Amino acid sequence: MSGSATFDARMILAILPELGLLVLAGVALVLDLIWRDKRCGRLALYTAVGTALVMALSLIFARPGEEPQFIFGGMLRLDAAGFVFRMLFLSGAMLTALLVMGDEVLCVRGEFFVLLLVSTLGMSLMAAAADVMMLFLAIETASIPLYVLAGFYTGNARSVEAGIKYFLFGGLTSAVMLYGFSLLYGLSGTTRLYEMLERLQSAPGTLVPGLFAVVLVLAGFGFKISAVPFHFWAPDVYEGAPTQVGGFLSTASKAAGFAVLLRVMTTLFPQVTPVWTVAIVVLALASMLAGNLLALAQKNVKRLLAYSSIAQAGYMLVGVAADSQLGTSGVVYYLMGYLVTNLAAFGVVHVVGQSLRSDELTAYDGLSRRSPRLALLMLIALLSLGGVPPFAGFFGKLLVFGAAVQAGMWWLALVGVLTSVLALYYYLNLLRRIYQEAAPKDGLTVRISWPWRVALIVCALGVVTLGVVYAPWYAWAERVATMLF
Amino acid sequence: MFPLLSLIIFIPLLVGVILLALPEERRGWIRGLALVGALLTLVFSLVAYFGYDVSAGGYQFQERMPWLPALGIGYHVGADGISLPLLLLGGLVAVSGVLVSWRVEDRPREFFAFLMFLVASVQGVFASLDLFQLFFFFELAVFPKYLMIVLWGSPKTRNYGGMKLTLYLFLGSVVSLVAALAVYFGSGLHTFDLIELQQAGLAKDFQYFWFPFLFIGFALLSGIFPLHSWAPDGHVAAPTAISMLLAGVEMKVGAFAALRIAIELLPEGARQWAWLILLLGTMNVVYGALIALVQKDFKYVIGFSSVSHMGLVLMGFATLNADGLLGAGMQMFSHGVMTALFFAVVGMVYDRTHERDISRLGGLVQRMPWAAVGFIIGGLVSMGMPGFSGFVAEYPIFMGVWRVQPVAAVVAALGILITSGYILLVVRRVFFGELPAALEQSGGSGRKVGMQRIEDVSWMDKVVIGMLALIMIGLGWFPALMTPWVQSGVQAVLAVLGGGQ
């Protein structure tokens, strides 16, 4: 079962995305010194093109086989699940890099891109980790650069506050999660995820401490996916952090959280299924209700998106709670759609924030008169978040709620759809501002540079394609599900 | 094979997308293209209607394409005797809607594009033979509806009315979506195809449990009591063309889906709950009419009259017998045309007088004879006068209801009486009597600008009034132009219900 300790070329090929990211990050440091004043545009372009290249190479050379494969002494498990998530993180990093291009403040230090790449590398390892030690290291590799990125506007008190807050919350939940891992190790005597279950089942009297460990580990994952009650950091961090970082946090980082949640939960806890299902259902209900209700009162668009992203985590947890192939495919499909949707939304917020110097909802008054195309893009993003066809969010929601109905939890699906009616209220209200209100006569115009335009168009095309052409994407999502079950 | 139904759905969709890409200044092009799109939709729906082989019956013009085979989702369209009149209705109202909105000044590009999306959405629902696809088109209407009301609606109530309408309708559709998913998994057939799901033979308890969710969710869209209050508020707040489409066609979308999905997929559930539908439908008829009677606002009268008339459709469904269903099918078409005409006339009156308060209107027959005649014809239809389409539709409904529950028939007949009351009152107050002095002096812009007179409606408005009125009269004299179609559709429903009662 466990991988051999021998080393061969296939293993190198298997971690091609990670190696690629590492090389990109290293070279970025050097290029930063060479390019100096011109780095702003070039480094961002380098990062975007580089990640796209890594993605293309992985798609060609590192596609996983039908059978899962353990490599590096069982530290990593190479399978379709990890692969799809890696592609998600890479696209997230690529689009984020494009959105950073031309941002004078963020490019002051070239480290931005290094941190972005290293964080993506950590996420990539998270999705493939098959050993709790590896998993913990991967989570920290992904998180620590994000703490720095959140506080990257060092001259801005809010950004610094966001970084510190994120760091404190993250550090605390990491510690709790590590404690959970150590309990699991103590109970089972192994750190290998895929062997732990067998050991736990054979050892008597592990049920109660096992449950305790589940709760602790769930706290760590709950923090990554910003589920209630581990969500407190999200609104402040999204608001204070640079907008692009907020977008990256809410999409790629959340997806990484779901990747480990799905893997650990499906491999480790089948014997305590009823209990962990209850825990997940509670998290889902709390996130859907609290996220949507709190979003109603927001005046700042980033805080609104933060609460909306908490609610979205709740919807995805519905799919996790279903604990089935369909549920898992649903979560993966949802994450794919959510990545492009939320990056589009944050992209628009970034463009508006740069042009109009405000993130308040009032800044969106009359956006359709300032820039009809940007308004149309926000319409697409908001409706997709609301779960309206023909956009990606509709099908993701249909899948996760369908999985809940299939699992006999129709009441959970009912709560889900009722809260999405609530959510539609604040999405439509923002849309009304954009289309109905008159733009204030402040002489400000919306400027969109070409890299931003590219990123936004890619996102919009993604949202529509995922919302109309289901078969290819669903096939990938289904492969993830079969690998995990 | 010629993809007739796909053209009916995708022409408006495509026209909408093209419109959004046109430069904003080319207003003539924008309007013209929208009209062409609507006309093509109408022409193709006419071709489908008259090309349908009534003697053969069943679903015709079927097209199938795999969409997501892994989950049994397909693109599957087809039309039968119940959906064809509604497709025709969609085409008719689309053309009328474009014509009455000819002079939209504010962002016409977006206006006509959203209008086209709305048309595509309703036609898509009517032609759907796949449960997933039906929901896809059903919810496609969410944003055009909302944006059209809040952007071009009447400024005082549009934010409230638009949000209320959209959230109510989204609520209805998602609740029935959950029930539809339950049917999908409960059937174990692994398909969303409606024809296959009809054969699922679901357990009785299952049907009893899920029928209310599925039916009420859809019926909410047709304004079922007590979840109807969004309808008058939303329809009154909307601009004329959208009121016409929403009250004329979207309400039928709800009723149609309630029949095709809820009743045909869960026939045992329908039998179990028929009493409730009959009760609520009767309340719709009487309550809607009573509230319409006391309205002071011209447009609200029509808003509540829709609630009342849709009650008759629901009553027809509740009978589950041949007469009731035939009447309901006819009433869906007849009411759609009638209410579109009503809202068109209300819009024309408001455009010229900038007044909707009935007590401040009067004598308009002198200035707007076409509008007055159109409204009176609509009124006669609404009262169920013989010689008009309303009679052809309401008579079978009452026959059907009488056989099931005579008391309900009597109570609902009372509702018709009240209907004559409010229609005649409105006709007298708005169109006859003295022209108030305030109106005599108010000009086209609503401000007092000297002696500018209220002018008669434009020739395009006349085309709309004439077309819709002629259809209602024609159907009243020659019911055979539609009854065989609906009857063949009803036979299929009865077959699903187990040969009828």
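Me: In which helix is the place of R303(A)?
Reply: This is a predicted model, in which local features need pLDDT of at least 70, side-chain atom pairs count only at pLDDT 80 or more, and totals for chains, interfaces and linings use all residues. Residues are numbered from 1 along each chain as its sequence is written, while chains are lettered from A and ligands numbered from 1 in the order in which they are written. Helices here are DSSP runs of H or I with at least four residues, numbered from the N terminus. R303(A) sits in residues 301–322 of chain A, helix α13.

Me: Is R303(A) buried or exposed?
Reply: A residue is buried if 20 or more other C-beta atoms lie within 10 Å of its own, exposed if 12 or fewer, and partly exposed in between, with C-beta atoms placed from the backbone. R303(A) has 20 other C-beta atoms within 10 Å, so R303(A) is buried.

Me: Which residues does R303(A) touch, not counting those up to four places away in sequence?
Reply: Two residues are in contact if their C-beta atoms, placed from the backbone, lie within 7 Å. With residues up to four places away left out, R303(A) touches P235(A), Y238(A), E239(A) and Q298(A).

Me: How does L172(A) count, and why?
Reply: L172(A) lies in helix α7 of chain A, residues 157–188. L172(A) has 14 C-beta neighbours inside 10 Å, so L172(A) counts as partly exposed.

Me: Which element gives the most to the side of chain A that touches chain B?
Reply: The contact takes 26 residues from chain A and 25 residues from chain B. On the side of chain A, α16 (372–386), α17 (392–406), α18 (410–436) and α20 (471–484) each give two or more residues. With twelve residues, the one that gives the most is α18(A).

Me: How many residues on that side of chain A are nonpolar?
Reply: Ala, Val, Leu, Ile, Met, Phe, Trp, Tyr, Cys and Pro count as nonpolar, Asp, Glu, Lys and Arg as charged, and the others, Gly among them, as polar. That side of chain A has two charged residues, four polar and, as nonpolar, 20.

Me: How do α6(B) and α7(B) run relative to each other?
Reply: Axes are lines fitted to C-alpha atoms, for helices over the stretch in contact, and angles run from 0 to 180 degrees between N-to-C directions. The axes of α6 (residues 142–152) and α7 (residues 158–187) of chain B come within 8 Å and cross at roughly 165°. Angles under 35 degrees count as roughly parallel, over 145 as roughly antiparallel, 65 to 115 as roughly perpendicular and the rest as oblique. That makes α6(B) and α7(B) roughly antiparallel.

Me: How far apart are the end C-alpha atoms of α17(B)?
Reply: The expected span of a helix is 1.5 Å times one less than its number of residues. The 26 residues of α17(B), 406–431, should therefore span 38 Å, which agrees with the distance in the model, 37 Å.

Me: Which elements do the buried residues of α17(B) pack against?
Reply: The buried residues of α17(B) include A408(B), I416(B), Y422(B) and F431(B). Their partners in chain B are α12 (267–293), α13 (298–319), α15 (369–383) and α16 (389–404).
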